[in-house]
Amino acid sequence: MPATKFKSPFAPPTPVEASGPVPQPRHNPNAPYAILLPRPPRNHPRVIKGCGNKRSPGDIGLVDVVIDPVLGQHLRPHQKEGVQFLYECVMQMKNFHGQGAILADEMGLGKTLQTITLIWTLLKQSPYYGEESCVIKKALIVCPASLIKNWQKEFKKWLGIERLRVFAVDSKSTMTDFTLGKIYPVMIIGYEKLRTVQDELVNTNFDIIVCDEGHRLKTSNIKTAQVIRSFSTMRRIILSGTPIQNDLGELFSMIDFVNPGLFENYSSFKRVFEDPIVKSRQPDCSSSDALLGLERYLTRLTNQFILRRTAQVSYEFLPRKSEFVIFCRPSPLQCAMYRHILDSPYLQNCFSMESSRYLACITVLRKLCNSPKLVLEQAKVSNRHALFQDKSRKLSFVEALLKSIKRNTTERVVLVSNFTQTLDLLEGICTRYHFSFFRLDGSTPTSKRQEYVDKFNAPNCRKFVFLLSAKSGGLGLNLIGASRLIMFDIDWNPSVDLQAMARIYRDGQTRPVYIYRLLSSGTIEEKIYQRQLTKVGLCDSLMDGKTSEKLNKFSIEELKDLFTFHEDEPCLTHTLLGCDCHTVAFPHSPKSKGTGRTQQVSKNGTMSKTSTSFAKKELEEWTHLNIELCRSFALETEVFNDSEILMDINRYINGLADKDKILWFSISDDERDDTNNNRTIVKDDVCLDSTVAFVFLRVW
Ligand SMILES: [Zn+2]
């Protein structure tokens with residue numbers, strides 16, 4: 001029975017008192033951010049061995065190991081737990097025979113930081129006072145070649161280059177720089193490369209080995225796994241972001257890699273665990289209870305050295321997030337221009353033409369949704385035209401929203417667009433209203449980028465707005481100085497948008513976060529949004545330079561749909577969902593039903609059945625608000641003077657205001673005189689400005 005390889009449970013750790021001067025930990029355990037790691041227990045093999053070996057019990061002095069506050073101050077609770085878990089595994093303080101561990105946290109939980117913290121701690125400290133000053137001298141990190149730079153960057157980010165030098169192996173590296181010198185305690189190397197330099201590393205003693213994306217060891221890197229096994233250290237850690245307990249074969253090979261011999265071999269592992277478990281999952285299994293017990297038993301054993309947390313733990317430590325998708329009706333000028341472009345012979349002919357044509361048309365329509373001015377300028381329409389004065393509804397809304405945020409809060413705002421010319425317009429708003437700002441786009445010199453970001457995030461920063469081009473700034477760009485973010489337009493690729501929204505909703509954010517995504521009703525923007533929702537992802541790479549190839553995949557039908565303008569829809573997406581929440585006079589929640597006025601809509605968009613159900617599932621958790629309906633209903637009831645219904649509406653809108661007062665300030669008429677501090681959202685006459693037609697909202 002493999003279980004015999006597990007130890008009996010330990011007694012609770014008891015510090016062993018040392019005679020003579022009390023050894024001092026490297027870092028003050030009482031300092032702020034200090035994290036104390038557990039001591040090896042009295043019955044730990046090494047403590048016992050030390051005591052039995054011509055030493056009196058007091059001589060094997062133990063000293064506290066304290067995580068360096070330089071790192072400790074950045075660790076979130078689940079990361080502290082993770083570091084302690086890894087530490088106990090590699091220090092043989094857990095209930096199994098082995099020194100290996102598998103950290104299988106979901107992406108984004110900081111596996112890298114947890115690993116760096118462990119390595120740094122082991123490089124600088126040991127609990128065995130007088131025996132050794134550190135647990136490890138050299139560490140090896142093996143990862144896919146594409147991640148080498150990232151590891152290097154992370155080490156630099158958390159520890160700087162003075163504390164620790166890492167040897168990141170590229171094609172030009174000379175192994176002797178590492179093997180002969182003492183400058184580098186850490187080597188980072190790709191899986192393939194490790195195989196080719198195996199011979200040069202024979203005499204190098206690595207004291208710990210970390211395999212990033214270690215689940216790959218089974219399939220494509222069996223040879224590399226053999227190389228790693230040939231190193232003498234038993235401290236082996238696998239990092240993996242994918243769930244692993246679904247495939248027992250893979251699980252076995254990972255366990256056998258980090259803790260070899262724990263289970264004799266795969267066939268005995270399989271005999272004991274896999275076959276019965278697989279059988280127990282069959283619907284006709286008779287003795288499923290017993291087998292379920294066995295499965296739990298396996299989990300209990302593997303929990304000793306496998307740790308997996310989902311992104312859920314991360315959200316628990318972040319403040320509330322409210323996300324609004326705001327549908328703005330295009331202005332009359334925008335509508336007229338939109339129709340004109342769709343009717344143009346150029347576009348009408350493009351269905352049979354090469355993709356560059358409709359790509360151009362798509363871009364023109366997207367720009368038009370942002371502002372007619374962008375298209376007029378490009379078309380070289382003479383500027384004396386009064387048309388240039390037309391603001392898009394989205395711009396009017398941003399203007400109102402910014403003013404409202406400025407007036408009513410001390411918060412700051414990130415303003416994101418995919419188009420540089422649109423950023424110019426947004427910058428224009430900032431200038432007009434004297435909103436101070438930073439701007440970061442493709443033309444910002446690299447040297448200035450970090451400077452703007454750092455200045456903006458500083459607590460005393462007085463810049464109100466950060467204008468950001470969606471694709472500038474790279475993955476790590478952090479703008480937590482702001483707690484509100486406006487996405488002025490939408491990208492084909494959902495991950496571009498998600499990345500933009502994550503700029504303010506991430507570690508270190510302390511305020512509740514508000515995200516506003518703006519879309520023009522009935523236009524191509526809504527269609528892009530629907531594609532995002534249904535994860536059709538057909539244009540995922542549209543903006544990554546593979547445009548024509550991808551775009552060729554549009555069917556004629558899809559193209560025709562993209563180029564259909566649903567001028568009368570306050571929210572086409574909602575209509576296509578077939579959601580009946582607005583069959584009531586005004587909505588309470590997405591699922592409320594009742595009698596009353598039915599909104600007349602024509603279903604003339606195309607979203608396949610599957611897509612609709614996908615989107616429906618996604619949007620069901622959101623609250624759907626037909627602002628336009630509220631508005632027109634309120635006006636009607638005013639005529640009929642039905643005070644009871646009016647009060648219902650007031651109560652309803654005021655309830656919404658709890659979600660974000662600032663937003664409802666700006667949806668209601670923001671221009672009016674506000675000398676009265678007791679402004680209420682809904683005046684007696686329910687005055688709602690006409691910029692916003694529909695809102696989806698979700699609060700985390
Ligand atoms: Zn609905």
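A pocket is an open set of points on a 1 Å grid over the protein atoms alone, with protein on both sides within 12 Å along at least five of seven lines, and its lining residues have an atom within 4 Å of a point. The structure is a predicted model, in which local features need pLDDT of at least 70 and side-chain atom pairs count only at pLDDT 80 or more, while totals for chains, interfaces and linings use all residues. Residues are numbered from 1 along each chain as its sequence is written, and side-chain values use heavy atoms, with hydrogens and water left out.

The second largest pocket has a volume of about 380 Å³, where volume is the space filled by probe spheres set on the points, and grid points are joined across faces, edges and corners. Its lining comprises 18 residues, and those nearest the centre are K137, K138, K182, Y184 and P185. Helix α4 (residues 111–124) supplies the largest share of this lining, three residues; helices (H or I, at least four residues) and strands (E, at least two) are DSSP runs numbered from the N terminus. Sorted by class, the lining of the second largest pocket holds seven nonpolar, five polar and six charged residues. Here Ala, Val, Leu, Ile, Met, Phe, Trp, Tyr, Cys and Pro count as nonpolar, Asp, Glu, Lys and Arg as charged, and the others, Gly among them, as polar.

Y184 also belongs to an aromatic cluster, together with F167, F178, F206 and F231. Across the whole structure, a search finds 18 aromatic pairs, that is, rings of Phe, Tyr and Trp (its six-membered ring) with centres within 6.5 Å, called stacked if the planes are under 30 degrees apart, edge-to-face if over 60 and tilted for the rest. One of these is the stacked pair of F438 and Y452, at 5.2 Å centre to centre with 25° between the planes. This pair links distant parts of the chain, 14 residues apart: F438 lies in strand β14 (residues 437–440) and Y452 in helix α20 (residues 446–457). Both F438 and Y452 are buried, meaning under 20% relative accessible area, with exposed being over 50% and partly exposed in between (1.4 Å probe, protein chains only). The rings of F694 and F696 have centres 5.4 Å apart and planes at 70°, so this pair is edge-to-face; F694 and F696 are buried as well.

Aromatic rings also meet charged side chains. The charged end of K394 sits over the ring of F488, 4.6 Å from its centre, and R412 lies over the face of F456, 4.5 Å from the ring centre. The criterion is that NZ of Lys or CZ of Arg is within 6 Å of the ring centre and within 35 degrees of the ring normal.

Strand β13 (residues 413–417) is largely enclosed by the rest of the structure, because five of its five residues are buried. V413, L415 and S417 cover one side and V414 and V416 the other, all of them buried. Two strands pair if DSSP finds at least two bridges between them. β13 pairs with strand β15 (residues 465–469) in the parallel sense over five bridges, and four bridges join β13 to strand β16 (residues 484–487), also parallel. L415 has bridge partners in both: L467 in β15 and I486 in β16.

Finally, two loop residues deserve a mention. Q92, in the loop between α3 (77–90) and β4 (101–103), has a positive phi of about 55° although it is not a glycine, and is partly exposed at 29% relative accessibility. H434, in the loop between α19 (420–432) and β14, has a positive phi of about 60°, again without being a glycine, and is exposed, with a relative accessible area of 70%.

Notes: 1 Å grid on protein atoms, 1.4 Å probe; cavity = no way out; pocket = protein on both sides within 12 Å on 5 of 7 lines; lining within 4 Å.
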